[in-house]
Amino acid sequence: MIRFEQVAVRYADADRPSLSGVDLTVPEGELVLLVGPSGVGKSTLLGAVSGLVPHFTGGVLTGRVTVDGRDTRTHKPRELADLVGTVGQDPLAHFVTDTVEDELAYGMESLGLAPDVMRRRVEETLDLLGLAELRGRPIATLSGGQQQRVAIGSVLTPHPKVLVLDEPTSALDPAAAEEVLAVLQRLVHDLGTTVLMAEHRLERVVQYADQVLLLPSPGAAPVLGAPADVMALSPVRPPVVDLGRLAGWDPLPLSIRDARRRAAPLRARLAPLTGPDA
Ligand code: ADP
Ligand code: MG
């Protein structure tokens with residue numbers, strides 16, 4: 001669904017590329033989690049999919065990124081809106097209207113759809129994201145999790161096949177993050193949407209990923225693979241993966257629940273060392 005062919009991005013005045021050697025495919029209907037240290041090029045890679053790079057950021061993109069066959073270098077973000085929905089870390093930065101319902105409708109305005117189609121899509125999206133009761137509410141009065149769901153809803157009304165999210169839960173508390181992740185899972189499972197998401201709060205998301213795409217360090221080749229395999233060599237990882245590495249578990253646990261299931265033998269091994277009260 002998303003194809004990178006020998007992609008590199010060099011920003012103006014930079015002495016080296018911010019991204020290079022990206023040659024891989026994100027399959028349709030998967031949730032792929034993009035991870036890597038800060039500054040390694042995650043936002044740049046996502047921007048190359050949504051068209052923000054190079055159209056809005058400047059710089060030079062070499063190689064080719066295609067989404068469902070459409071080349072992002074020859075299509076501006078607006079010309080990709082029916083195919084790629086883009087959501088950032090701070091939803092407030094992107095809202096254009098004041099209320100939930102207006103914001104959902106706004107995303108379709110440039111598509112030239114009939115008014116009854118637009119109304120139907122707003123209704124579907126309100127239901128899908130659990131926003132129906134909030135439809136008339138001023139966006140400014142919503143919680144962070146609700147605002148992020150509105151931001152996702154506003155890019156879903158054009159029915160994109162691909163959703164690109166840059167740290168969508170980083171600014172949220174754990175409960176709000178769960179709300180947003182539940183919505184993303186529903187999109188992947190029920191609608192077959194392809195989701196490419198960067199997130200540094202790995203403990204929140206790695207358990208939901210079909211594959212993990214790792215940018216290990218600036219200039220190093222990206223690695224795409226099964227979450228537990230990629231976590232085994234990732235320089236950034238959630239605490240539960242560190243525990244699993246320390247304990248020598250294979251495959252590595254990706255969630256607290258995984259770890260708890262694996263922990264009984266470890267507990268038995270540690271018991272003589274720690275005494276009965278530990
Ligand atoms: P990440 O999202 O992994 O933190 P970025 O993609 O934001 O990384 O940045 C990768 C590198 O590119 C960094 O060195 C950053 O300073 C540089 N960079 C990012 N955006 C721009 C831009 N618009 N212009 C110039 N340099 C940029
Ligand atoms: Mg970033």
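How far does a polar side-chain atom of serine 43 lie from an oxygen atom of ligand 1? The distance is 2.9 Å, which falls under the definition of a polar contact, a pair of N or O atoms within 3.5 Å; within protein, one atom must be able to donate a hydrogen and the other to accept it, and residues adjacent in sequence count only if both atoms are side-chain atoms. Serine 18 also places a polar side-chain atom by the ligand, 2.8 Å from an oxygen atom of ligand 1. Glycine 41 takes part through its backbone: a polar atom there is 3.1 Å from an oxygen atom of ligand 1. On its own, ligand 1 has 560 Å² of accessible area, of which the protein covers 58%; such areas come from the Shrake-Rupley method with a 1.4 Å probe, and for residues only the protein chains shown count as cover.

The model is predicted: local features need pLDDT of at least 70, side-chain atom pairs count only at pLDDT 80 or more, and totals for chains, interfaces and linings use all residues. Residues are numbered from 1 along each chain as its sequence is written, chains are lettered from A and ligands numbered from 1 in the order in which they are written, and side-chain values use heavy atoms, with hydrogens and water left out.

The residues around ligand 1 include Tyr11, Pro37, Lys42, Thr44 and Thr57; a residue counts as near a molecule or strand if one of its heavy atoms lies within 4 Å of it. This shell divides into three nonpolar, seven polar and one charged residue. In that division Ala, Val, Leu, Ile, Met, Phe, Trp, Tyr, Cys and Pro are nonpolar, Asp, Glu, Lys and Arg are charged, and the others, Gly among them, are polar.

At the level of the chain, there are two domains, domain 1 (2–227) and domain 2 (238–278), with bounds from an automatic or database domain assignment. Their C-alpha centres lie 35 Å apart. The unreviewed UniProt entry places the feature "domain: ABC transporter" at residues 2–243; UniProt positions are given in the numbering used here, feature names are shortened, and annotations may be inferred rather than shown by experiment. That span is 34% helix and 22% strand, and its end C-alpha atoms lie 34 Å apart. Helices (H or I, at least four residues) and strands (E, at least two) are DSSP runs, numbered from the N terminus.

Four strands form an open sheet in the order β2-β1-β4-β5, with antiparallel pairing. The edges are β2 (19–26) and β5 (70–71), each of which pairs on one side only. Two strands pair if DSSP finds at least two bridges between them. Five bridges join β1 to β2, and isoleucine 2 has valine 26 in β2 as its bridge partner. Seven bridges join β1 (residues 2–10) to β4 (residues 60–67). Along β4, arginine 64 stands opposite glutamate 5, threonine 62 is the bridge partner of alanine 8, and threonine 66 is that of arginine 3. Threonine 66 also has a bridge partner in β5, aspartate 71. Two bridges join β4 to β5.

The hairpin of β4 and β5 has two residues between the strands. Aspartate 68, in the loop between these strands, has phi near 50°, a positive value in a residue other than glycine.

Two cis peptide bonds remain to be located. The bond from valine 53 to proline 54 is cis, with omega near 0°, and proline 54 is in helix α2 (residues 52–55). The bond from aspartate 250 to proline 251 is also cis, with omega near 0°; proline 251 lies in the loop between α10 (239–247) and α11 (256–274).
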